[in-house]
Amino acid sequence: MTTPPPLPDLDSAAHFDAVSFTARGVPYDAVIDALLARMPRGTAYALPGGSGRGVAVPKLAHLRPDAENPVLVRHVASTGDIYASVMGPLASSVLEAARDLAAAYPPPPVHGQSGPWAFCTRINRLDACVDIDAPGAFDSAQAHARASVLNLTGNRPKIDQRGDWQDPDSGRTLYVGSRDSVLLRIYEKGKQLRQVKGIADASLDLVRVEVECHPADAARFEALHWVPAQVLATSRHAIEVLSFIGYLVPSYVASRDSGTRSPVVRSLLAMQQQYGPLFWRLAQRFDSPEAAAAMIVHTLLQAHPSPARLQAVLDGGISAPELQAVAERFTLSKEHDAELRD
């Protein structure tokens, strides 16, 4: 590969290309207002049928700054969750709106600290990318991505390639990883712009290195404040590719729990080892491992187990008063009691 001209630093070159977030415990109108405040002037709020904003909360609505980049807003009445997502140049604006909501509606304090609890705003997906315009950039980038996988010991991520790799005129794409966590995409962006967007003068050497990250656990809250370079750094393989090209890439960024939980919560989560099926059923239902753990603790306390039995169950050395304090944060309704008995 021909040595490219001097490149700007990664913070300047990288940008967000997609974002999705969930807001719980936040009024629907507050989410819409936060998004509109970050949208270009003249952005319209509309339902799929074309009517405007009304009293009823719709299941699906659009914010349309233009014909190509709608921001989708979906409301789930059963949980109160509000999902917002966009792909394209407005990703940064939608992320800013999510940050605004997180600041305006912070999670409730626990033991005097704020933690990643269920009732707040958190990230579901963040995409960041860098565009490289140099002869042979795709071949070199995909080769280094494959080499980075071969250098791993233990479990190796899946590699997939799309497009006609034998036809020089066909746009090629290499995937490394999984959409369940972190996915690296390297594709011939210039050819896509010509063939799909009809941009006849797009450079055929233009390549995009993109990371699609679906953070989990506490990282969903930390990701609200990530910059594009940090998203790229959630893929070890993207780090290898970009470092070879000449960028100074941040050290690896964990896309899962990176240590923001309190010791009490960490000990509560150890309960999943003994209450696995019930724990994960509750965690899925309430979208929060902490809530699931606290509900199990609440149930145990209602049964008045001996201190020795409680300590053995938790396997974490937490005192009964601490457990009681956590359990008081989550009161079980009659409906939840019935579900637990089932």
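In the predicted model, T22 stands opposite R122 of strand β8. Strand β8 spans residues 121-133 and runs antiparallel to β1, to which it is joined by eight bridges. Both strands belong to an open sheet of 10 strands with antiparallel pairing, ordered β2-β3-β4-β5-β1-β8-β12-β11-β10-β9. The edge positions are taken by β2 and β9 (159-162); each has a single partner strand, so one side of each lacks a neighbour in the sheet. From one strand to the next, the twist averages 15°.

Two helices pack on this sheet. Helix α2 touches β1, β2, β3, β4 and β5, and its direction makes about 170° with that of β4. Helix α3 touches β1, β4, β5 and β8, its direction making about 35° with that of β1.

Within α2 (residues 28-38), the buried residues are Y28, A30, V31, I32, A34 and L35. Their cover includes the strands β1 (15-23), β2 (44-46), β3 (60-64), β4 (71-76) and β5 (81-87), together with helix α3 (91-104).

The two helices also pack against each other, at an angle of about 135° and with axes 8 Å apart. The crossing of α2 past α3 is right-handed. On the α2 side, the contact involves A30, V31, A34, L35 and R38, which meet S93, V94, E96, A97, D100 and L101 of α3. By class, this contact comprises seven nonpolar, one polar and three charged residues.

Note on methods: Residues are numbered from 1 along each chain as its sequence is written. This is a predicted model: local features need pLDDT of at least 70, side-chain atom pairs count only at pLDDT 80 or more; totals for chains, interfaces and linings use all residues. Side-chain values use heavy atoms; hydrogens and water are left out. Buried means under 20% relative accessible area, exposed over 50%, partly exposed in between (1.4 Å probe, protein chains only). Helices (H or I, at least four residues) and strands (E, at least two) are DSSP runs, numbered from the N terminus. Contact means heavy atoms within 4.5 Å. Two strands pair if DSSP finds at least two bridges between them. Axes are lines fitted to C-alpha atoms, for helices over the stretch in contact, and angles run from 0 to 180 degrees between N-to-C directions. A crossing is left-handed if the near helix is turned anticlockwise from the far one by less than a right angle, and right-handed if clockwise. Ala, Val, Leu, Ile, Met, Phe, Trp, Tyr, Cys and Pro count as nonpolar, Asp, Glu, Lys and Arg as charged, and the others, Gly among them, as polar.
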